[in-house]
Amino acid sequence: MIAILHSSDDVRVRAAAPTASALVAASPGLDVVILALNLIDGSTPAENMRRLKPLGARVIVHAPDAQPYLLREAMQAGALGALPRTADASQTIAAVRRASAGHAIPGAAHSTTRVGAPSSDPIALSARESQVLALYASGRTATQVAQRLHVAPATVIEHIRNIRAKYVIVDRAAPTKVDLFLRAVEDGLISPGARIAADHSPDAPLSAVHRASSAEERSRADRLALSR
């Protein structure tokens, strides 16, 4: 990507960073930011759009067309368009020039992100995603959740990204951890009092992990949340 951009006479790469926060910390004078949708910190497109706002730069996203929910979230947050992974050098440079001038990026990747009427479909989380959401939204870090479930932290981060993407699809975006807590409460995965202190042990019990109307249901829900 950097080599492609440098091949143009009027486009120069001023900075590159692994996360949006790192780019903002560098504080370069930027006209355009090309934002990848899957960053190493597990952040969402909406989160990164907010983090990039102090730069005052126009943003286009770079992602495969197979991730329409992430593209849609980025567009909702203010991105000017999407650059497909298959874009050649001329298309890439042309997109940067258009963005620099404040123009939206045309093309199929842009049109697939248009937002229609709000979806009324319920959230469909897998059993593991429900476990991760209950633990993470209750106050644990991704590392603590990983220890609890005996998986890698990267696996937890990927689950969190997928959970957020599913909420975006049903127009219930949860870009922050507080939002995830609210969604988990709304969907009956945890109780409103399930927040735990940050210094609690990763093995501390949750106040509630699932809506249950009987002792048998509560027992089954506890086994679900604590199983590997």
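Analyst: The crossing of helix 7 and helix 8 is right-handed, a term used when the near helix is turned clockwise from the far one by less than a right angle, anticlockwise being left-handed. This is a predicted model, in which local features need pLDDT of at least 70 and side-chain atom pairs count only at pLDDT 80 or more, while totals for chains, interfaces and linings use all residues. Residues are numbered from 1 along each chain as its sequence is written, and side-chain values use heavy atoms, with hydrogens and water left out.

Helix 7 covers residues 127–137 and helix 8 covers residues 142–149, and their axes come within 9 Å and cross at roughly 130 degrees. Helices here are DSSP runs of H or I with at least four residues, numbered from the N terminus, and axes are lines fitted to C-alpha atoms over the stretch in contact, with angles from 0 to 180 degrees between N-to-C directions. Helix 7 and helix 8 are therefore oblique to each other, since angles under 35 degrees count as roughly parallel, over 145 as roughly antiparallel, 65 to 115 as roughly perpendicular and the rest as oblique.

From helix 7, Arg128, Gln131, Val132, Leu135 and Tyr136 meet Ala142, Val145, Arg148 and Leu149 of helix 8, where contact means heavy atoms within 4.5 Å. Sorted by class, this contact of helix 7 with helix 8 has 6 nonpolar, 1 polar and 2 charged residues; Ala, Val, Leu, Ile, Met, Phe, Trp, Tyr, Cys and Pro count as nonpolar, Asp, Glu, Lys and Arg as charged, and the others, Gly among them, as polar.

Definitions and conventions. Helix = DSSP H or I, 4+ residues; strand = E, 2+ residues; numbered from the N terminus.
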